[in-house]
Amino acid sequence: MQVAGKIAVVTGGGGGIGGALAARLVRDGAKVVVADLDGDAAARVVAAIDADTPGAAVAVGADVADAAEIEALITRAEVEFGPVDLYFANAGVAGPVGLGEDDKDWLTAIDVNLQAHVRAARLLVPGWLERGEGYFIGTASAAGLLTQIGSAAYSVTKHAAVGFAEWLSVTYGDRGIRVSCLCPMGVETALLRAGQNSGDALGEAATRAVTSAGVVLTPDEVAEVVMAALDEERFLILPHPEVLEMYRRKGDDYDRWLSGMRRYQQHLLDSAPDA
């Protein structure tokens, strides 16, 4: 997939990975609709893009947990630039710490981290099948292949996002629809620091688990890896290559891996600054 001349939608585009992806896509010749729940943040990303490439991106404030707003977002892209070629389902939330207090935060995590992908695919796949091409890129996480210490909801929904991307590829991969799944580990974004700022020991351990497991990348570094993967039409995008070895070890001896994760979690809790 060469992105030059293509039309892309990037959700969660008001900063972090999404903002970096939007900027890189435009730099590589694409037209982009930058969507974010925070419309002002999306507008700031587009303003920065406009400074170098005027008219190549538009900002939309949108709640991608809402199917009607996703549909409006896709329609806006068609009106501004043309039919959507690439859809980056990148918006995400951290979810509650631990098991959560009630269903509300769980439902939000499910809506944003998983259902937003499903709802977008429902709208896009029929047209892509008619055209014989389209590209769906879902942002999951290394937590979707491994797990996330500290947040059950984040871990579960990211596993589900990986599973949905796999299903899309299996079902439509021979009919012109490409699918990639982005699974980074630590990336310097507000989401990375959500647990650290939660005031909860388990939440703080969640951030330390990620930051101590490998290098923390910048969003621009992740965008670079994503573009290379799209060029190869690679399904699994791993900005942290070591995640693949971790995943292999998990599958090689699941019980040993679980035992090791329990020890790692306890070490993080015991070594907390105020422990």
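Leaving out neighbours within four places in sequence, Ala-94 is in contact with Ser-151, Tyr-154, Leu-191 and Ala-194, where contact means heavy atoms within 4.5 Å. Tyr-154 sits 60 residues from Ala-94 in sequence, yet the two C-alpha atoms are 5.7 Å apart in space. Ala-94 itself belongs to the loop between β4 and α4; helices (H or I, at least four residues) and strands (E, at least two) are DSSP runs, numbered from the N terminus. Ala-94 counts as partly exposed because its relative accessibility is 22%; buried means under 20% relative accessible area, exposed over 50%, and partly exposed in between (1.4 Å probe, protein chains only).

A word on the model: it is a predicted one, with local features needing pLDDT of at least 70 and side-chain atom pairs counting only at pLDDT 80 or more, while totals for chains, interfaces and linings use all residues. Residues are numbered from 1 along each chain as its sequence is written, and side-chain values use heavy atoms, with hydrogens and water left out.

The loop between β4 (86–89) and α4 (103–131) also holds Asp-102, which is partly exposed because its relative accessibility is 45%.

Now for the salt bridges (a side-chain nitrogen of Lys or Arg within 4 Å of a carboxyl oxygen of Asp or Glu). The structure holds 10 of them. Arg-119 pairs with Asp-111, the closest N and O atoms being 3.1 Å apart. Arg-119 is buried because its relative accessibility is 18%, whereas Asp-111, at 24%, is partly exposed.

Elsewhere, Arg-24, Asp-28 and Glu-224 are linked in a network of salt bridges.

Lys-158, in helix α5 (residues 152–172), is buried but has no salt bridge, and the nearest side chain of opposite charge, Asp-36, is 13 Å away. Beyond residues up to four places away in sequence, Lys-158 touches Asn-113, Thr-139, Ala-140, Ser-141, Ala-143 and Gly-144.

Conventions. Lys, Arg positive; Asp, Glu negative; His and termini not counted.
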